[in-house]
Amino acid sequence: MTSNKKVLAFVEESKNLCQPDQIVWIDGSEAQLDALRAEAVATGELIKLNEELLPGCYLHRTAVNDVARVEDRTFICTKDRDSSSPINNWMDSDEAYAMLKELYRGAMKGRTMYVIPYSMGPVGSPFSKIGIELTDSIYVVLNMAIMTRVGQNVLDTLGDGDFVKGLHAKADIDESKRYICHFPEDDTIMSINSGYGGNVLLGKKCFALRIASYLGKNEGWMAEHMLILGIENPKGEIRYIAAAFPSACGKTNLAMLIPPELYRKKGYKVWCVGDDIAWIRVGEDGRLWALNPENGFFGVAPGTSMKSNPNALLSTKKGTIFTNVVHNLDNNTVWWEGMGEEAPANAVDWKGNPWHAGMTDAEGKPVKGAHPNSRFTAPTKNCPCLSSEFEAPMGVPLSAIVFGGRRAKTAPLVYQSRDWNNGVFVGSIMASETTAAATGKVGVVRRDPMAMRPFVGYNMGDYFAHWLEMGEKTAHKPLIFNVNWFRTDDEGHFIWPGFGDNLRVLEWIIARCEGKVDAVETPIGYVPEAEDINVEGLDGVTTETVRELLTVDRDMWKEEAAGIEQFYGELTRVPEELYRQLETLKKNLN
């Protein structure tokens, strides 16, 4: 498979530690993957679904104690505490290695160790990076084969080069001994006692954000928690946008946006390059170019329907692995809450128990059939609106970078930063207000800079400084904007329709990038002239409504400024430039 001494040493060392019965190298061939699928079905790890209705699709259930990413068990491990982000979890790297080695010792006895060579980004692209994940889970192998480019051609491309090491062992799926540890200084990820995708598909957040953000800082590029989409106008011109949103802010819906009928008739199209992660570099032309390093979608199932996100749902119709959803026994397919179809009469819930709609527990509370964080792992190539530039080895050139959050009153529908440094400030103060579902408290502001709070592999203050440096290196910078689809009226109803109609706001953003429309200066940045947001065909939304959505309440922003100052105080090494930006905001508000 390979003569790379570093790869062979990593496999040998891990074999001696974990003591698997055998080692299987993943070559990426369909024959090998088919054999693994059959083996997983035979052991009950996977359930084969209806081949006519869902060709090549399977259902998987995780342990009941292992259903989501565990931020409190996720660590950045370095020699020096200050090199890690003060708002995330840190562990001394020597102590972490010592602890983990004891947990991994003999953890694969009686099991097979699979060696997965994978490429983040198109194989052979100068933007791409290679990882080797060792795992004792067929589920991980099959998911990685969807989410990344896997196989012998990856090893051939690697040659004698360096790679990111990933070691995963299910062990006993013991919550108290569950750790997802990142060693950015050593290009190493170690995950144990979990089988849930977000903790064990080590190419995803672990490599593509936590390790890659550190690599990017050292190598002069950026790894960001951003979707990438292309907007094609009636002339056939395409402009690309990267956008960052915290969870529950409509990121996947925006990545696969379907234009409103009015726009479709004119010839507008929206193309998805990526729904989650962007690697961004300065191109030879002085612009920023963004690449999606992934090869699949790892989406939340509940709420995904033909109404909310048809492109996402259609992407799951073949070659997909569903995790922790309802098994419809009547036709051997899957179901989840918010799918837009009637619940099956004869079904098994995500825990493997008989289930029907309307079931309640001992306390009379409704029993959900699918876990709220149930997932689908679907090949990107299934997406009906996939960009023709998805495999482009250099990515796509960015016209705009968009930040956003969920704010009931504070942030306007859209505003533009004054310049790059002000845009970095806008990204650094990103926040969402909690909904009752998240914490039981409503309206608590959680700061999530650039939507990277859980994913930065190094000190957050240094991360801001890196953004500022990237601006200095970029001759033709994209413009930076902030959007808020979630302004509410006094009864708590959303004022802006959202979903496909968000294209109306993106249209203004592109027009600003092309210098085609003016804007109004406010204390926080530039907002549109209300007349420049197209409301034609919108029910109940007028230009007057838009004018209201664009207001900037100075008293609210004074409170916001105090919150920003408090947040900066929790961080170390916040660049002076961002404090200058904060002072400017305060002066503008007065």
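A cavity is a set of points where a 1.4 Å probe fits but cannot get out, and the volume of a cavity is the space filled by probe spheres set on its points. With that in mind, let us walk through this structure, which is a predicted model.

The structure holds 2 cavities of 30 Å³ or more. We can start with the second largest cavity, whose volume is about 40 Å³. Its lining is made by Arg 69, Val 70, Glu 71, Thr 74, Ile 180, Gly 198, Asn 199, Cys 206 and Arg 210. Two elements, helix 6 (197–200) and helix 7 (203–219), each give two or more residues to this lining. By class, the lining of the second largest cavity divides into 3 nonpolar, 3 polar and 3 charged residues.

Next comes the largest cavity, with about 120 Å³ of space. Its lining has 15 residues, and those nearest its centre are Arg 407, Ala 411, Ile 429, Ala 431 and Asn 482. Here the elements that contribute two or more residues are strand 29 (479–483) and helix 16 (554–570). The lining of the largest cavity is made up of 8 nonpolar, 5 polar and 2 charged residues.

Now let us turn to how helices pack. The axes of helix 2 (residues 30–43) and helix 4 (residues 138–147) come within 10 Å and cross at roughly 140°. Helix 2 and helix 4 are therefore oblique to each other, and their crossing is left-handed. On the helix 2 side, the contact is made by Leu 33, Leu 36, Arg 37, Glu 39 and Ala 40, while helix 4 brings Ile 138, Val 141, Leu 142 and Ala 145. Among the residues of this contact, 7 are nonpolar, none are polar and 2 are charged.

Helix 2 and helix 4 meet us again at the second largest pocket, where each supplies at least two residues of the lining. About 570 Å³ of space lies in this pocket. It is lined by 23 residues, and the closest to its centre are Glu 30, Arg 37, Ala 145, Pro 379 and Lys 381. Helix 2 gives the largest share of the lining, 4 residues.

Our last stop is another pair of helices. Helix 11 (residues 420–428) and helix 17 (residues 576–589) pack at an angle of about 85°, with their axes 10 Å apart. That angle makes helix 11 roughly perpendicular to helix 17. In this contact, Asn 421, Asn 422, Val 424, Phe 425 and Ser 428 of helix 11 meet Glu 577, Leu 578, Gln 581, Leu 582 and Leu 585 of helix 17. These residues divide into 5 nonpolar, 4 polar and 1 charged.

Note on methods. Residues numbered from 1 in each chain as written. Predicted model: local features only at pLDDT ≥ 70, side-chain atom pairs only at ≥ 80, totals over all residues. Heavy atoms only, no water. Axes fitted to C-alpha atoms, helices over the stretch in contact; angles between N-to-C directions. Parallel < 35°, antiparallel > 145°, perpendicular 65-115°, else oblique. Contact = heavy atoms within 4.5 Å. Nonpolar A, V, L, I, M, F, W, Y, C, P; charged D, E, K, R; others polar. Left-handed = near helix turned anticlockwise from the far one by under 90°. 1 Å grid on protein atoms, 1.4 Å probe; cavity = no way out; pocket = protein on both sides within 12 Å on 5 of 7 lines; lining within 4 Å.
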